[in-house]
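Morning, everyone. Please have a look at the model on the screen, and then I'll walk you through it.

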Amino acid sequence: MVFTEDVFLFYFLPFVLLVYYLIPYQADPAPGKSRYWMRNLWLTVVGYVFYSWFEPWFVLPMMFTNVADYLFGLYLGRDDVPKARRKLVLIISMCMNLGLLGIFKYGVFTQENLNHLLAAVGQDTFSVLQIAFPIGISFYTFHSMSYIIDIYRGERPVKSFADFSCFVSLFPQLVAGPILRYNVLSQQLHSRMHSLSLFSRGVMLFFLGFAMKILLANPVGRIADAAFAAQHPHALDAWWGVLAYAFQIYFDFNGYSVMALGLGMMFGFELIRNFNAPYHADSITDFWRRWHISLSTWLREYLYISLGGNRKGEARTYINLALVMLLGGFWHGSQWQFIFWGGIHGTMLGIERWSGKKPFYANSPRWMRVSVTFLVVLITWVFFRADGLPHAFSYLGSMFGAGRPGPFADLLKAEIYHSHDLINMLICAIAIAQPVQSYEFGKQLSWGRFAVAFSLFLVAVVMMYTQAFNPFLYFQF
Amino acid sequence: MRKLEWTLVSALLAVTAGFPLYQAAHEAIVDKEMPHVFNLFLRSPTKENLHRWDDNAKDRSVFAKWLRPVTLQFRYDVLGEMAPKSLKGEEDWLFYNQDVDYLLQPPYTDDRFYKGTFDTLIAGKRVNVRNPLVAMEDFRARLKARGIELLLVPIPGKPSVYPEKLYHGIHGQPASPTLALLEDLGRRGFNVVDLFSPMLKAKAGGAPQLYLKRDTHWTPQGMEVAAEALATRIRSMLPDADTAMVLGPQDSTVFTPRYLIKDTTVERWGDIAEMTKVPDRKKIWPNESVKAERISDAVTGLPYKDDPASPILWLGDSFSRIYQTDAPGAAGIIAHVAYRLNRPLASIVNDGGASTVVRQQLARRGEMLEGKKLVVWTFVERDLRFGSKGWQVEELP
């Protein structure tokens, strides 16, 4: 199910909210049980329903992860388990989680690359076994892993299976984040505030996120799709296409994250903010503090620090940084282009760290720093959007005028420069350049802001009926 | 502040809960049916059932029925925006998005052509059924085993012939990627007909408009250019056929014409205009009036009719249907090729299904192959990329 389709908006959401608020909570719960265990159980059930809407069998690996990590967590939480055994359980859990991720997400990639290797040494290749990819597996696997690592590091495990399942399968963040760390949400699973103030701010954020996806991301996504699908576009058209993609991915993913935050608030959860004006960043280091914050935080806490962070000398710090970014890239998709994308960002971060966490253009005016950073990010988006590494290089070639445009390349202009395309791009550019971010806009309520957000939401609902099915970009990860 | 907070919550609930309640009430009271929402619980929750329920909910939505046309008209009036399948060109010309995408996107020789597809194991060989060459090679071999020749005829899409009507700034007359395919097929020993050269030659020579302005298909004039080229090629492939066929209708000394030709006028509305989904489309774009020539039997005066016993079997798509079974009837390419060959053809025509569906239909009607000497397989060039069901390998009976 997708937040921006009518089955979610008109059936799932009101029904889930109605039942949720009809379920009583226990003012004085038994020890080890949360006040909201029944509500958490309801959220777990509807989380599974939400997830199974894509494909019913997708719930099976998630259920398996849920049960296994709940049991591992209980065991790790016992005081009488020797240190060596705790480590063994941690390793088993990590292997299980990463193994599932490896099979479902990287199975085909591994087989294909093995085939390339076999072909390179003159051996017979084999038929690649096609494995269906359960949407959002990377997200809930990371949720589950964070739980086990936090318990291993000393957090208390949850006693109630409903609470744990609720953490993993909480539908607002289930398929595209924000990636939750258990230590952030553990307290809220037990006791959280349900207030009109929080709920209404959640509604405000939901309105804004919904409008972002339908009114901004989807229309410019069509431009990006056309430009990237073309064989050899003209340089200007290629730049226009990647600019459209930069807008699309931001409004698509940020729209989803803002909706997730809003929905979380409606159920009393305060999830973490995922974006903070990333295209206002004045260095790549700054960009990663603002883009997909929940992923960078997760990677820093559970991977970078586990690898030793910056505590093991300068050389090791750079290696750790590169590794984290490469794996971060690989997390996004089982294709070489994502590894390449991660590698470029890792290299940029390394260079900036080497020069005191500053870019080489640090002494230029802020507008120039922001522009250069945006340009670098824009170029790296090519790797993110292209259909494979060769296409990424060919597209970059088109952007920089290498090679001849295709014979019919001029026709692309008829697809991507309509008056409505220009208007949509201009609106996106203004929305990005202006200083007020949706998160802040939604946090402080006023009648004027309500009028803006509700109008946008209504227009978006109307537009939703004229758009083709358009799932969120991050579902594929 | 509390008032504002309540207003926000009420606004959300008014939209999200108000809609399904109104919908259910409408279905129960006006349509006198069980509200669709209950259907969700009547079937097992398989992916198909869930998605079917979802689609039905969208189709039955009272709000969607009301909002969709209003929004589409508004978007066209204010922004000139149309549904994504259609593109606005110059001088009121409309283009089909897939026709343009075919020219812009990588051809079958590029890895990206196969993105998101899987290989299939056929007779111990890994093949990709999106690759048209696989199906063409296979079909040719199966026909050859029955002593039947195959003639491949890709039909130019409208933007290949009139790119300047889509974008005025285009330089020269670019070559369609289909020409590379024709060369490739030629190297592989296939019999092919190049319709691009005669079409472009006719256009350059000042011929009347060869394609309809707001339709994906050709005008009768464009169709006749193709019919002439095809008839010439077919004659060269079947030299041992009967005299009338070899000589053709031009040689009046020994020729007994089997068919007569009669001028008529056709009104075409345009399938791309329909695709725009703009509610006022009938008012915005008028019908196009074109001159056509109907073919009728010289003896009976009845319109041209196929003969299943003909040695020539024609496989085609809507380019073979237009003017033939559509108005005015018996004025399409099949009738015109038959007229030029002075003999009827047998045909299987399926709209949008020339890549695979026509061969599936042929497989079900094996008797159609009896006594055949030649199969003419026509398909619009965009089907090389977007053909319905890809280019599957099909058994013949």
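A:Met63, A:Val67, A:Leu71 and A:Phe161 make a nonpolar surface patch of about 340 Å². A patch here takes residues with over 30% relative accessible area and no salt bridge, and nonpolar side chains (Val, Leu, Ile, Met, Phe, Trp, Tyr) are joined within 5 Å. A salt bridge means a side-chain nitrogen of Lys or Arg within 4 Å of a carboxyl oxygen of Asp or Glu. Areas come from the Shrake-Rupley method with a 1.4 Å probe, and for residues only the protein chains shown count as cover.

Two ground rules. This is a predicted model: local features need pLDDT of at least 70, side-chain atom pairs count only at pLDDT 80 or more, and totals for chains, interfaces and linings use all residues. Residues are numbered from 1 along each chain as its sequence is written, chains are lettered from A and ligands numbered from 1 in the order in which they are written, and side-chain values use heavy atoms, leaving out hydrogens and water.

Back to the patch. Helix α3 (residues 59–76) of chain A gives the largest share, three residues. Helices (H or I, at least four residues) and strands (E, at least two) are DSSP runs, numbered from the N terminus. A:Phe161 sits in helix α6 (residues 161–169) of chain A. Buried means under 20%, exposed over 50%, and partly exposed in between.

Now inside. The largest nonpolar core has 267 residues. Such a core is a set of buried Ala, Val, Leu, Ile, Met, Phe, Trp, Tyr and Cys residues joined through side-chain atoms within 4.5 Å. Helix α8 (residues 196–229) of chain A gives the most to this core, with 22 residues. A:Trp381 is among the residues with the most contacts inside the core. Beyond four places in sequence, A:Trp381 is in contact (heavy atoms within 4.5 Å) with residues including A:Tyr279, A:Trp291 and A:Trp341. A second, separate core has ten residues, including B:Met82 and B:Tyr96.

Last, chain B. Chain B has 17 helices and eleven strands. Of its 397 residues, 53% are buried. Its C-alpha trace spans about 95 × 50 × 45 Å along the principal axes. B:Ala28 lies in helix α2 (residues 18–30) of chain B. B:Ala28 counts as partly exposed, at 38% relative accessibility. From B:Trp6, B:Ala28 is 22 residues away in sequence and 31 Å away in space, C-alpha to C-alpha.

Methods:
Buried < 20%, exposed > 50% of the residue type's maximum accessible area, 1.4 Å probe, protein only. Patch = residues over 30% accessible without salt bridge, like charges linked within 9 Å, V, L, I, M, F, W, Y side chains within 5 Å.
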